[in-house]
Amino acid sequence: MKRAKEKNRITRHKRVRAKIKGTAEHPRFSVFRSNKHVWAQLIDDEKGTTLVSAGDLELSKAKGKTEIKQKELAYQIGSAIAQKAKEKKIDKAVFDRGGYK
């Protein structure tokens with residue numbers, strides 16, 4: 001069952017990625033979530049580079065090892081990536097849901 005779900009997610013991801021591209025002015029906002037961690041990044045697909053990234057591992061190192069709810073952690077990651085994007089003068093992005101429904 002798990003393999004079928006993962007295969008379907010990858011198929012959806014390929015379909016989504018065929019339709020959206022990130023540029024330097026409008027980078028692709030990609031979110032990846034595992035069972036334990038969440039990462040987000042802004043990607044310029046023309047150059048193939050990551051402009052800005054944030055994840056819960058760097059937040060937990062900065063604030064100590066306190067237990068935080070997943071929803072609160074996602075909010076903090078969003079705030080961190082928004083702050084880093086403002087520093088690089090990025091104000092618009094294209095959302096890549098990464099095959100997740």
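Biologist: Why is D96 called buried?

Modeller: The relative accessible area of D96 is 0%. Buried means under 20%, exposed over 50%, and partly exposed in between (1.4 Å probe, protein chains only), so D96 counts as buried. Bear in mind that this is a predicted model: local features need pLDDT of at least 70, side-chain atom pairs count only at pLDDT 80 or more, and totals for chains, interfaces and linings use all residues. Residues are numbered from 1 along each chain as its sequence is written, and side-chain values use heavy atoms, leaving out hydrogens and water.

Biologist: What makes the pairing of D96 and R28 a salt bridge?

Modeller: The rule wants a side-chain nitrogen of Lys or Arg within 4 Å of a carboxyl oxygen of Asp or Glu. For D96 and R28 the N to O distance is 2.8 Å, so the pair passes. D96 sits in strand β4 and R28 in strand β1, so this pair ties together parts that are 68 residues apart in sequence.

Biologist: Are R28 and D45 buried or exposed, or something in between?

Modeller: R28 comes out at 7% relative accessible area, so it is buried. D45, at 22%, is partly exposed.

Biologist: How do you know that the length of helix α1 agrees with what it should span?

Modeller: The expected span is 1.5 Å times one less than the number of residues. For the 18 residues of α1 (residues 2–19) that gives 26 Å, and the end C-alpha atoms are 26 Å apart, so the two agree.

Biologist: Which residues of α1 are buried, and why say they line one face?

Modeller: They are R9, R12 and V16. Looking down the axis of α1, they fall within an arc of 65° (taken from the directions from the helix axis to the C-beta atoms), so they line one face. The face turned away from that buried side carries the exposed residues R3, K7, K14 and A18. Part of the cover over the buried residues comes from β4 (94–96), where contact means heavy atoms within 4.5 Å.

Biologist: What makes β2 and β3 a pair of strands?

Modeller: Two strands pair if DSSP finds at least two bridges between them. Strand β2 (residues 38–44) and strand β3 (residues 49–55) have six and run antiparallel. D44 stands opposite T49, and I43 stands opposite T50. Between these strands lie four residues, and G48 takes a positive phi near 75°.

Biologist: How many bridges join β1 to β2?

Modeller: Six, again with the strands antiparallel; F32 has W39 as its bridge partner in β2. Five of the seven residues of β2 are buried, so that strand is mostly covered.

Key:
Helix = DSSP H or I, 4+ residues; strand = E, 2+ residues; numbered from the N terminus.
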